[in-house]
Amino acid sequence: RPMNRRELLEKAPIPIAFLKYALPSIITMCFFGLQNLVDGYVVGNYVSEKALGGVNIITPLFSFVMVVATIVSIGCQTLVSQGLGAGDIKKAQTAMSTGFWGLLINSLVVMSVLLVGMQWFISLLGADEALFPYAYNYLRGMVWFIPTISLCFYFDMMLKSLGRPITSTVIMSLLVLLNIALSLLFVLQFRWGVMGTSIATGIAFSIAALISGTILLKGRYSVRLLKGHFSFSLLWRASYNGSSEGASELSSALSILIINNVIIRLIGAEGVSAFTVMNLTNFMGVLLFLGISDGMIPVMGYLFGAQQFGRLKTFFHFIARTNFVIGIIVFAILQCFGESIIVLFVKDPHSHVAEIAHQGLHIFSYAFLINGFNILVTSFFTSIGNALGSIVIAVLRGVVFIGIGMLILPAFLGEQGIWLTLVLSEVLTLAVSVFLARRSVVFNE
């Protein structure tokens, strides 16, 4: 007899429950990584290397937009998972419906603001004359799809909280394959440039949102999308809890903004393009950690709601060991084959952009020995409702340590100081993560 959800989470061997929830999420994240690699390859080889830099200029702005989607989605996912774990169906139902209406209204407002002030925002992000046209065209194609992209992310979180990680994976994987196909069509065939890649992303996310939203509306679950009522108080609770993951997203945006400005000052537009290539390469490794954490948030939230603290600690230690092994493998791959990966995104493997990216990647790859644990602790605090702990780690890792390092190290070490700052930030964050995790209520029961 197949195990039901409660038996799987509370009694099944840890590796089995881990694979049931983490593997689909990892597969989804790897598909997203493939999408970014293909987009990077297409833009870097069939538009220009500067186009890669233009897209990277927009990354902080798009991250700011997704902060709200992340806050609401993760916050409501945690409340739904905790409600199901505690047997409080009404709480779970209200959380799901509240998140939907709150996110829909907010994303429509954000879209309207960006439509009015698009050029001003791009200039504010530091785009120079060489990068501005690419950044503008990319955002011009993306801005219309902000509501459906936000809701697609939300629906995906809700499917996972209801114990449907495989359904989520199938939908999101199809989304990525469609996105890749449309990107190739719009850029190579229609010659739409970077705007083609953003329109392809918007269309693919919209179709995925329609499919997953329909399942949540009509699926035979005890909790459905519009079955509950809207609650301002619950939206506030969800937003507070989800603000931890929102802080991670916001910190990532701020760190890219800080790094871009330092690179433009020290190296120029070629440096930003090189940093974009590095990000594309690093993204595949980070996605493994994010996939595991994403898959484990509903599991840890459920166990916390069910007061299964001993099993929750066992899960935590298992995930930490798994992330460390993955980090060693990613580090080894980047050290041995980093140069071969970088040349996928540049027309000339002997160009200055390729040279900068290879030197930076060789240093930054050391961060993978550490950042898996930092990402895990952030998600752990989110799942148990300790938003403050997660926010502290995210802000220190993405803003404070990066900002201090960028003020000091590049002044003495030049380009290498930029990349060393990224590693040093992870090392300092590790010390804080271990300290805060050991003081949490779960590890003191």
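Is Leu-430 buried, partly exposed or exposed?

1. Leu-430 is partly exposed because its relative accessible area is 29%; the class lies between buried (under 20%) and exposed (over 50%), with a 1.4 Å probe and protein chains only. The model is predicted, so local features need pLDDT of at least 70 and side-chain atom pairs count only at pLDDT 80 or more, while totals for chains, interfaces and linings use all residues. Residues are numbered from 1 along each chain as its sequence is written, and side-chain values use heavy atoms, leaving out hydrogens and water.

2. Leu-430 belongs to helix 15 (residues 415-438); helices are DSSP runs of H or I with at least four residues, numbered from the N terminus. Apart from neighbours within four places in sequence, Leu-430 contacts Ile-370, Phe-373 and Asn-374, contact meaning heavy atoms within 4.5 Å. Between the C-alpha atoms of Leu-430 and Val-67, which are 363 residues apart along the chain, the separation is 23 Å.

3. Ile-404, Leu-407, Ile-408, Phe-412, Leu-413 and Leu-420 make a nonpolar surface patch of about 640 Å². Patch residues have over 30% relative accessible area and no salt bridge, with nonpolar side chains joined within 5 Å and like charges within 9 Å; a salt bridge places a side-chain nitrogen of Lys or Arg within 4 Å of a carboxyl oxygen of Asp or Glu. Areas follow the Shrake-Rupley method with a 1.4 Å probe.

4. Helix 14 (residues 387-413) gives the most to this patch, with five residues. Ile-408 lies in helix 14 and counts as partly exposed because its relative accessibility is 44%.

How values were computed. Helices (H or I, at least four residues) and strands (E, at least two) are DSSP runs, numbered from the N terminus.
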